[in-house]
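Reader: I'm new to this one. Please walk me through it, and tell me what each label rests on.

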Amino acid sequence: MSTSKVEQAGGAGYRWVDDRLPAAKYLKKQLGKVFPDHWSFMLGEIALYSFIILLLSGTFLSLWFKPSMLEVVYDGSYLPLNGVKMSEAFASTLDISFDIRGGLLMRQIHHWAALFFVAAISVHLLRVFFTGAFRKPRETNWIIGVGLLTLALLEGFAGYSLPDDLLSGTGLRIAQGIMLSLPVVGTYMSFFVFGGEFPGTDFIPRLYTVHVLLVPGIILALITVHLMLVWFQKHTQFPGMGRTERNVVGYPLFPVYTAKAGGFFFVVFGVTAFMGGLFQINPIWLYGPYIPDQITAGAQPDWYIGWLEGALRLMPNIEIVLFGQWNLSLNVLFPAVILPGIIFTLMALYPFIEQWATGDKSSHHLLDRPRNAPTRTALGAMGLSFYLLLWTQGGNDLIASTFDVNVFVITWFMRFAIFIVPPLVFVITKRICFGLQRRDRDKLLHGYESGVIKRLPSGKYYEQHQPIGDEERAVILARHEAPQPLPIPAKHDANGIKQKGYAIKLLQAKLSHFFYDERLPIPTAAEIEEANHHEAEITADRDHEIDDARTKAFAPHE
Amino acid sequence: MTFLLARRRSPWATALLLLLALVAVGGIYAAASGSTQAEATAPTASTTMIEEGRELFLEGCSSCHGLNADGGYQSDGTVAGPSLIGVGAASVDFQVSTGRMPLAAPGAQAKAKPPIFNEEETAALAAYIGSLAPGPEIPSPDLYDTTGISPEELALGGQLFRANCASCHGASGKGGALTDGKYAPTLANAVPRNIYQAMLIGPQNMPNFPDTTLRPEDKRAIIGYIEAIRESPNNGGVDAGRLGPVTEGIVLWLLGLGALISVAIWIGVKAK
């Protein structure tokens, strides 16, 4: 069979490259790299593609956006703002929206892509957390990921603030208030950042540099490292038949994943463009230019800052005045600085905390099913419920006006719920996990319920059980036996001398007990064998009984 | 003349004269009586309206506002309804024509609902309360008629709206929550007359903006701006209720990320 014209052309191109670059050997090796397959492994890709869309649309916007606080009189096409004095930043954003071809579409694509970016990072992070993909050797990549999330929040907030509309300015005013709440350095910091009193004329140009150069540069660099680490450490995989800690079962990068990932990029781009074209976002012309004495009802940040807004709205108004002159604004400092500080620190350190509690120093390339790590899953669900409560509280005024509820009632409900709901969620999730583990155990021992109902001659009904398939068995058996909790250390040694580092060891042991006190043993191979055998015997007995009765019933009467 | 003189003794003459006299007397009487009626109409009708309004008031409002509209008290001494003396006809027209009064149930704030009284009854009530003491009159239509408003006035209206109204009603006039169950209602369905009256009288939790604070032309500009953004097309596509980032976030998660994750699952499933 002769080669087609396409193959000939491809071959020629390939030879042209290979004659000049030693590409063939290298590419053959790299393009053949195998990646495991699961839909949840594509969540991070959404973030990556959104970032590319952000770079492209952002470049378009930067051609017309003027990061300047110079006061101008607007004379563009949007009539209701004609003749109004505003900053050049706001006026140029209006121009992009109304007078530059495709400008509004690009602005909306940019904004939707920004929301997508953070949302995809968040769900990707949840996937990594709940499947234990952060375990050794991937702790570094987890920390990079947490760093990327933080930077994404910062970058998003900077972008939200740049157009200098009423919402932007309100957000910046809150940010400045948070700076002011920092003890001792707050006031200096605010004056330094804003170049004087708020809002001043320096901040927007400074923020622009941060938004288009500094933060995206760092994000780009970190994404590169993030992906390189995935490449070199190899991707984790879910347990299944033939999947071990030492192999990767999946498809090669070329042609399978190049096609899938390439196609998915266009889907992400398509959905973002669809939303940018059909769904209005951030109509700055309705908000108007920022004037420091103005505010709009229902002023909210974009969704990813909503939980911090909620924390601010939740916090009771506690202020401490030290020695009659130094003001410690805990009402702002705690929800906006201390709380996110604690949360991000705990998040970044979590892999090490879990490792320390378990004493597990080995590498893990097989993912945990969330049910098989009940304490971790419950902790994650608890954190998620805490986050969602704060998030809801961030929109308390809109909930109040939409559903006709007293806004104070919502706030007070949340003030209690934030302490009551997360622990409840922890307990419930842990129970669900153990319940699922028991079900797995049951399936292993007694098979699955086949749906075949039989009636015994005695009149009793029973449902026949069937042994589960090999794939499912492999998945269930991949659960690691939970480690024994570390023993509680003795305070004094044999000679009655206090042990060195007793407190730390005690804490570690307590933590270990918290993680692994409750355990459900995995049935041994012998147990499974016996149970299956027993199950088969019962089935055979019953079938026999039924057959006997049938033969008797149909036997000719004498 | 000779024609008439020749026939002055005719038997028809008497009849004709009588007829002429009757027509003259009847005509004069009709003219005279007509004019007296016209002169008397205004005061008589107004008094009837006030009387009618008083009766409607006694029926529908006095249980809270008191029999003389000077305020009513509950048995424990708390105010059931404030005194209406001096609130003016504009206030009555606003509260009653938007259905806020009569109150359905006591609460943080009177809710707008389909009006209980029709236009005539509302006018009668307004006339009665207006007659008790001087207060803001119902504005004449030319004050709030915004046809032919200029772009300059529109821009001024926008600036005044953002400075004075947006803090409670929101930049796009969709309303918002206030403290303790109170709220600023949406302006989506407010008619110009009521918007003008609201600014004039400051109903419920709203501050009032008398003509010394916002000149009548300022009020008209604000009404023009509200109408303009209400009627303006949604640049950029379907809005999420113009409620800001919260609803945009909901659209993103439910629609946007929902779609992308569905596609991811689809790609994942295909590979099996």
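Reader: Which residues in H12(A) meet which residues in H14(A)?

Author: From H12(A) come A:Gly306, A:Trp307, A:Glu309, A:Gly310, A:Ala311, A:Arg313 and A:Leu314, and they meet A:Tyr387, A:Leu390, A:Trp391, A:Thr392, A:Gln393 and A:Gly394 of H14(A). Sorted by class, that contact has six nonpolar, five polar and two charged residues. Before we go on: this is a predicted model, where local features need pLDDT of at least 70 and side-chain atom pairs count only at pLDDT 80 or more, while totals for chains, interfaces and linings use all residues. Residues are numbered from 1 along each chain as its sequence is written, with chains lettered from A and ligands numbered from 1 in the order in which they are written.

Reader: What do "helix", "contact" and the classes stand for?

Author: Helices (H or I, at least four residues) and strands (E, at least two) are DSSP runs, numbered from the N terminus. Residues are in contact if their C-beta atoms, placed from the backbone, lie within 7 Å. Nonpolar covers Ala, Val, Leu, Ile, Met, Phe, Trp, Tyr, Cys and Pro, charged covers Asp, Glu, Lys and Arg, and the others, Gly among them, are polar.

Reader: At what angle do the axes of H12(A) and H14(A) cross?

Author: They cross at roughly 75° and come within 6 Å. That makes H12(A) roughly perpendicular to H14(A). The scale goes like this: under 35 degrees is roughly parallel, over 145 roughly antiparallel, 65 to 115 roughly perpendicular, and the rest oblique. Axes here are lines fitted to C-alpha atoms, for helices over the stretch in contact, with angles from 0 to 180 degrees between N-to-C directions.

Reader: Why are H6(A) and H9(A) called roughly antiparallel?

Author: The axes of H6(A) (139-161) and H9(A) (203-233) cross at roughly 160° and come within 9 Å. Roughly 160° is over 145, and H6(A) and H9(A) are therefore roughly antiparallel to each other. H6(A) passes H9(A) in a left-handed crossing. That contact counts 15 nonpolar residues, eight polar and one charged. Among the residues that meet there are A:Ile144, A:Leu148 and A:Leu151 in H6(A), and A:Ile218, A:Ile219 and A:Leu222 in H9(A).

Reader: What makes A:Pro370 buried?

Author: A:Pro370 has 21 other C-beta atoms within 10 Å, which is why it counts as buried. A residue needs 20 or more for that, 12 or fewer makes it exposed, and anything in between is partly exposed; C-beta atoms are placed from the backbone. A:Pro370 sits in the loop between H13 (330-358) and H14 (374-394) of chain A. Setting aside neighbours within four places in sequence, A:Pro370 touches A:Phe130, A:Thr131, A:Thr377 and A:Cys433. A:Phe129 is 241 residues from A:Pro370 in sequence, yet their C-alpha atoms are 9.1 Å apart.

Reader: How do A:Lys234 and A:Asn282 count, as buried, exposed or partly exposed, and why?

Author: A:Lys234 has 17 C-beta neighbours inside 10 Å and therefore counts as partly exposed. A:Asn282 has 25 and therefore counts as buried. A:Lys234 lies in the loop between H9 and E4 (251-252) of chain A, while A:Asn282 is in the loop between H10 and H11 (284-287) of chain A. Neither is a glycine, but phi is positive at A:Lys234, about 70°, and at A:Asn282, about 50°. After H15(A) comes A:Asp404, with a positive phi near 60°.

Reader: Which peptide bond has an omega of about 10°?

Author: The cis bond that joins A:Lys136 and A:Pro137. A:Pro137 is in the loop between H5 (103-130) and H6 of chain A. Another cis bond joins A:Phe254 and A:Pro255, with omega about 5°, and A:Pro255 is found in H10 (253-278) of chain A.

Reader: How many residues of chain B are in contact with chain A?

Author: 52 residues of chain B are in contact with 54 of chain A. On chain B's side, H11(B) gives the largest share, 16 residues. By class, that side has 28 nonpolar, 18 polar and six charged residues.

Reader: What are the domains of chain B?

Author: Chain B is split into domain 1 (37-136) and domain 2 (139-232), using bounds from an automatic or database domain assignment. Their centres, taken over C-alpha atoms, are 24 Å apart. 13 residues of domain 1 of chain B are in contact with 14 of domain 2 of chain B. In chain A, the assignment gives domain 1 (32-304) and domain 2 (430-554), with 46 Å between their centres over C-alpha atoms.

Methods. Two residues are in contact if their C-beta atoms, placed from the backbone, lie within 7 Å. A crossing is left-handed if the near helix is turned anticlockwise from the far one by less than a right angle, and right-handed if clockwise.
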